[in-house]
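Please open the model in your viewer and keep the selection panel at hand. The tour below goes from one selection to the next and says what to look for at each.

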Amino acid sequence: IKKRKNSDVVGTGSAEIDGLFHSVILPAVKHSDPEIRRNGIKNLGLFCLLNRETANAHLLLFSRALQNDLPEIRAVAMKILFDIVLMFDMRRMEFETEDDCSSSLNAVIALVRPYLDSTDAELRTASVEGFAKLFLADVISDSKIFSNLMFQFFNPFTQPMARLRQCLSVFFPGYALVKGINRPIHQATLQKCFLPTLRGILHAPSSSPLKDI
């Protein structure tokens, strides 16, 4: 599927891909073995990146996997949701349970945002990486989420999370020093989050790890 995604074939018009989808991917997604199910979810995500309609049809499945499955599978589902947001215009997509297609982006953001504060390192890292990508791609410019990423970088709780810290150490300079037409947007986001972030650190409760900064 990775090879197909980079080819000229788009969508599910290929008999080869359709065959893999029905005979391999879907059974793996429903499999009782966690490792097989994880790989099934991962490959379904790659399959969904082939076209918007396929991704739209499986948004609810990925959201349920994120909420209800094992942590390692939930992390994969979260990464897929971020990839779909990056690949497609979410304003033209909707969850099966929603009527307002314009709310799809907000729905996905609301779904993945709580994992920024997850106690599970893999889920927390996947969330931070995903939001960093959305900011760099200018999909979002939410100053509150950006402020949360700043907390993540300085919070002693995340010190053992090397991948998370490495991601943010590359993200912040890249975002702040960007050139071109999006530079004013980035500067405005940084300005909006600076004081709230500083206040959050200064007024953190005594039980908060932020007190150790």
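Contact here means that heavy atoms lie within 4.5 Å of each other, and this is the sense in which covering is meant at the first stop. The model is a predicted one.

Begin by selecting helix H6, residues 104-112, which is mostly covered, with seven of its nine residues buried. Show the side chains of Ser104, Leu105, Ala107, Val108, Ile109, Leu111 and Val112, as these are the buried residues of H6.

On the H4 side of the contact, pick Ala55, Leu59, Phe62, Ser63, Ala65, Leu66 and Gln67, which meet Arg74, Ala77, Met78, Ile80, Leu81 and Ile84 in H5. The residues of this contact divide into ten nonpolar, two polar and one charged.

Finally, move to helix H8, residues 143-154, and centre the view on Ser147, which has its place there. Is Ser147 buried or exposed? Ser147 counts as buried, because its relative accessible area is 6%, which falls under the 20% cut-off. Beyond its neighbours within four places in sequence, Ser147 is in contact with Cys193, Pro196 and Thr197, and a polar contact of 2.5 Å joins the side chains of Ser147 and Thr197.

How values were computed: Residues numbered from 1 in each chain as written. Predicted model: local features only at pLDDT ≥ 70, side-chain atom pairs only at ≥ 80, totals over all residues. Heavy atoms only, no water. Helix = DSSP H or I, 4+ residues; strand = E, 2+ residues; numbered from the N terminus. Nonpolar A, V, L, I, M, F, W, Y, C, P; charged D, E, K, R; others polar. Buried < 20%, exposed > 50% of the residue type's maximum accessible area, 1.4 Å probe, protein only. Polar contact = N/O pair within 3.5 Å; in protein donor to acceptor, adjacent residues only side chain to side chain.
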